[in-house]
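I opened this entry to look up the ligand site and then one piece of strand pairing. My notes follow in the order I took them.

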Amino acid sequence: MNGRVAIITGGANGIGRATAQAFARAGAAVAIWDRHQEAGTVLAETITAAGGQALFQRVDVADAAAVDAAVAALLERWGRIDVLINNAGIIRDAQLVKVKDGQIVARLSDADFDTVIAVNLKGVFTCARAVAPQMIARRWGRIINAASVVGLYGNFGQTNYVAAKAGVIGMTRVWARELGRYGITVNAVAPGFIATDMTQSMPPKVLEAMIARTPVGRAGQPEDVAAAYLFLASEQAGFINGAVLSVDGGLVIGT
Ligand code: NAD
């Protein structure tokens, strides 16, 4: 990745943090985009102290104006953007309608539906739209989107999240077709169950069940997904386009 500039959205924590470290170790200059200023700043300093190249930009991917401004600032600073890892994501889980003792006791709110779509689906669109023009001009680019196995198979209690992730897979296939001719490949990664803050909020019973259903018998680590992002961003992956790479320990094929 020497000489390459990579944006990693949601880069301050979890999979994004492991990705920023992996890309920096591989020689890329890394722009960490996140809403979480403190964690992002500390990470950029840690990478720089270890001899890598990194900067933090406070960006909410749901804010199109902020995304466009951050791209302009990054181009001013480093002159190019080669890789976009659309990794930022959130959950707001709730059943469509929740029934208890025969009564409807709750339903998925408009706010929770819209917030997840704004970050996990529209944020991916906004970031890709912002970086694509200069990738087209330079005839090289890699856009890699965080989907999820649930975007392929659905999941109980995740209407909003699954809608977004399935949409991300759809957009990946559209952009693979639209941008391939300019030397830009667009792929998605579909993680299974990965041990990060996002999954730590799940009830222990659900976590144990996920591991029990994973043939390799463990939770994924952020580094497992970072390795897939890094491979898809590499020169060697130049003929992989429009793919959805599961990184799930075999979860979806079941045990
Ligand atoms: P995480 O919660 O540990 O980290 C997400 C990061 O994204 C945080 O740093 C957060 O501040 C940032 N973020 C959230 N909203 C943002 C916004 N609007 N703008 C900018 N940054 C924002 O999550 P994670 O587990 O590392 O997940 C990373 C990606 O992988 C997500 O897209 C997630 O949906 C996907 N994924 C995770 C798992 C899993 O099991 N952890 C499984 C499948 C897919």
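The pocket itself is an open set of grid points with protein on both sides within 12 Å along at least five of seven lines. I also note that this is a predicted model.

**Entry 1: location.** I checked where the ligand is, and it sits in the largest pocket. I then looked up which elements give two or more residues to the shell around the ligand: they are helix 1 (14-25), helix 6 (159-179) and helix 7 (197-200). Helix 7 gives the most, with 3 residues.

**Entry 2: shell.** I found 28 residues surrounding the ligand, and the closest are Ile15, Asp34, Asn87, Tyr161 and Thr196. Sorted by class, I have 13 nonpolar, 10 polar and 5 charged residues in this shell.

Entry 3: For Tyr161, a polar side-chain atom is 2.5 Å from an oxygen atom of the ligand. For Asn13, an N or O atom of the side chain is 2.9 Å from a ligand oxygen atom. I next looked up how much of the ligand is covered: it exposes 830 Å² when taken alone, and the protein buries 93% of that.

**Entry 4: strands.** I moved on to strand 5 (residues 97-100) and strand 6 (residues 103-107), which run antiparallel and are joined by 4 bridges. Opposite Val99 I find Ile104 in strand 6. What do strand 5 and strand 6 form? They form a hairpin, with 2 residues between them. In the turn I noted Asp101, which has a positive phi of about 50°.

Technical notes: Residues numbered from 1 in each chain as written. Predicted model: local features only at pLDDT ≥ 70, side-chain atom pairs only at ≥ 80, totals over all residues. Heavy atoms only, no water. Near = heavy atom within 4 Å. Polar contact = N/O pair within 3.5 Å; in protein donor to acceptor, adjacent residues only side chain to side chain. Areas by Shrake-Rupley, 256 points an atom, 1.4 Å probe, with all protein chains shown as cover. 1 Å grid on protein atoms, 1.4 Å probe; cavity = no way out; pocket = protein on both sides within 12 Å on 5 of 7 lines; lining within 4 Å. Sits in = over half its atoms within 2 Å of the grid points. Nonpolar A, V, L, I, M, F, W, Y, C, P; charged D, E, K, R; others polar. Pairing = 2+ DSSP bridges.
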